[in-house]
Amino acid sequence: MRSDDTIFATASGHGRAAVCIVRISGPQSWTILNTLGGSVPEPRRAAVRILREPGSGEPLDQALILWMPGPRSFTGEDQAELHIHGGLATRAAVLKVLGTIPDCRPAEAGEFTRRAFLNGRMDLSQVEGLADVIDAETEAQRRQAMLQLEGRLGDTAERWREEILQALALLEASLDFSDEGDVPEDLEADILQRLDRLHVEIGRALANRSGERLREGFTVVLAGPPNAGKSTLLNALARRDVAIVSPIAGTTRDVIEVHCDLGGLPVVVVDTAGLRESGDLIEQEGVSRARARAQDADLVLWLVPPEGEETDPPAARRLLRVGTKADVSRDRDDCDLVISASTGEGLADLITALEHEAETALGQGDALLTRERHRRALERAHHSLAAGRALLETGGPIELAAEEARLASRAVGEITGRVDVEDVLDRLFSSFCIGK
Ligand SMILES: Nc1nc2c(ncn2[C@@H]2O[C@H](COP(=O)(O)OP(=O)(O)OP(=O)(O)O)[C@@H](O)[C@H]2O)c(=O)[nH]1
């Protein structure tokens with residue numbers, strides 16, 4: 001994959017559409033516009049042109065075109081855009097012509113964004129924010145992703161790195177004093193105070209897990225004995241038939257997931273196999289998967305049917321007891337809520353309860369960290385800051401305290417991609433769509 005190639009891709013969705021946007025980035029961008037459109041408009045001014053096939057002069061389409069010279073473009077390179085009609089034949093004809101231009105080739109997934117990152121147009125946390133904006137399914141996810149795209153996490157991480165480097169500079173200055181046998185007390189106190197403040201601030205960011213949860217969704221597991229009405233409830237929450245409902249106990253064998261938007265918050269509802277002892281190997285596997293999911297879930301809804309023996313609920317972080325089939329019997333004093341998925345009774349209260357639970361767990365979108373990667377980097381920084389501080393407090397070697405500060409600054413730098421993150425890049429960019 002050469003990075004001096006000019007790349008192109010459709011940046012709008014697939015299938016027939018009114019308009020299709022073809023993005024072009026690289027040194028040939030100007031030439032392509034000039035060749036196909038006859039002339040190049042003013043930078044960043046849209047203009048209408050008849051696009052023509054270079055050899056025959058045959059018209060391809062009437063298009064709106066844009067010329068965005070680097071470095072003030074998304075990728076930082078010369079860029080062009082063709083807003084062509086979104087018919088399948090038009091799109092195919094324009095892409096075919098682009099493919100015949102020398103040093104010009106179709107882009108790979110995420111290649112435009114990769115170039116933007118490599119050209120310093122955005123840092124790694126912003127690239128992740130952009131991926132999350134595109135993947136956002138609910139309003140709260142969109143808001144969180146936008147804050148990260150705008151640089152909230154990246155700017156904070158950069159400030160932390162700066163402050164750690166300042167502490168490091170002071171540590172190095174105090175090394176000179178220690179050669180002379182005596183580090184001034186106020187200098188040492190100043191460094192300790194700085195390390196302390198950073199340790200507390202990073203610790204606070206680490207303590208808030210709501211950002212990662214908001215990105216992934218609040219997980220609600222439906223558990224209960226066979227025939228409790230789990231699949232019927234899942235279908236009612238999803239407002240469509242996703243799980244097979246039948247009066248035969250043990251119908252659901254595997255785990256079925258549905259992504260719902262409850263009051264703007266992402267909630268993943270998981271239907272599981274009914275919990276009972278079974279001689280059937282497949283059902284046993286389903287039951288053990290159900291128990292595992294319940295254990296990891298943010299919330300378990302333990303469904304209690306009116307009939308049948310009492311079964312023990314699985315181990316869970318948080319559990320609500322929900323009496324089902326209220327149309328058959330409402331007599332369930334031991335339950336937090338009673339519903340009938342058949343008649344809809346109690347469903348509105350259940351949804352309100354779920355929204356409340358999700359809101360409490362996902363917070364107000366004020367979390368800085370949104371991915372495991374951020375957490376791992378900051379945990380290392382946090383650890384090094386504590387180690388550095390302990391060394392200073394116990395009169396340990398200043399060289400070692402300085403080394404801990406250096407490690408902390410490197411770890412924080414991984415968040416914005418200032419230090420080696422090669423291994424992260426391939427994984428991240430391949431998750432993008434072509435044309436982004
Ligand atoms: N009367 C009544 N019947 C219900 C209600 N909810 C579910 N049922 C019936 O109960 C039976 C079992 O429902 P399911 O939703 O398949 O139960 P499940 O808990 O997913 O069952 P398994 O897959 O076996 O674990 C079906 O015949 C449903 O039609 C309800 O609110 N009222």
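Predicted model: local features only at pLDDT ≥ 70, side-chain atom pairs only at ≥ 80, totals over all residues.
Leu 130 sits in helix H4, which covers residues 124–135. Once its neighbours within four places in sequence are left aside, Leu 130 is in contact with Thr 113 and Leu 149. Leu 147 is 17 residues away from Leu 130 in sequence, and the two are 10.0 Å apart in space, C-alpha to C-alpha.

**H4 and H5**

H4 packs with helix H5 (residues 139–149) at an angle of about 155 degrees, and the axes of the two helices are 7 Å apart. H4 is therefore roughly antiparallel to H5, since angles over 145 degrees count as roughly antiparallel. The crossing of H4 and H5 is left-handed. On the H4 side, the contact is made by Ser 125, Gln 126, Glu 128, Gly 129, Leu 130, Asp 132 and Val 133. On the H5 side, it is made by Gln 141, Arg 142, Ala 145, Met 146, Gln 148 and Leu 149. Sorted by class, the contact of H4 with H5 has five nonpolar, five polar and three charged residues. An α-helix has 3.6 residues a turn, so residues three or four places apart point the same way.

**H3**

Thr 113, a contact of Leu 130, is one of the buried residues of H3. Why is helix H3 (residues 111–118) described as largely enclosed by the rest of the structure? Seven of its eight residues are buried, so H3 has the rest of the structure around most of it. The buried ones are Glu 111, Phe 112, Thr 113, Arg 114, Arg 115, Ala 116 and Phe 117. After H3 comes Gly 120, with a positive phi near 75 degrees.

**An annotated site**

The UniProt annotation "binding site", from an unreviewed entry, covers Asn 227, Ser 246, Ile 248 and Thr 251. Asn 227 is placed in the loop between strand S7 (218–223) and helix H9 (230–238).

| Residue | Other C-beta atoms within 10 Å |
|---|---|
| Asn 227 | 22 atoms |

**The whole protein**

The protein has 14 helices and 12 strands. Of its 436 residues, 42% count as buried. Among contacts between residues at least 6 apart in sequence, 60% join residues at least 24 apart.

Note on methods: Residues numbered from 1 in each chain as written. Helix = DSSP H or I, 4+ residues; strand = E, 2+ residues; numbered from the N terminus. Buried ≥ 20, exposed ≤ 12 C-beta atoms within 10 Å, placed from the backbone. Contact = placed C-beta atoms within 7 Å. UniProt positions renumbered as here; feature names shortened; annotations may be inferred. Axes fitted to C-alpha atoms, helices over the stretch in contact; angles between N-to-C directions. Parallel < 35°, antiparallel > 145°, perpendicular 65-115°, else oblique. Left-handed = near helix turned anticlockwise from the far one by under 90°. Nonpolar A, V, L, I, M, F, W, Y, C, P; charged D, E, K, R; others polar.
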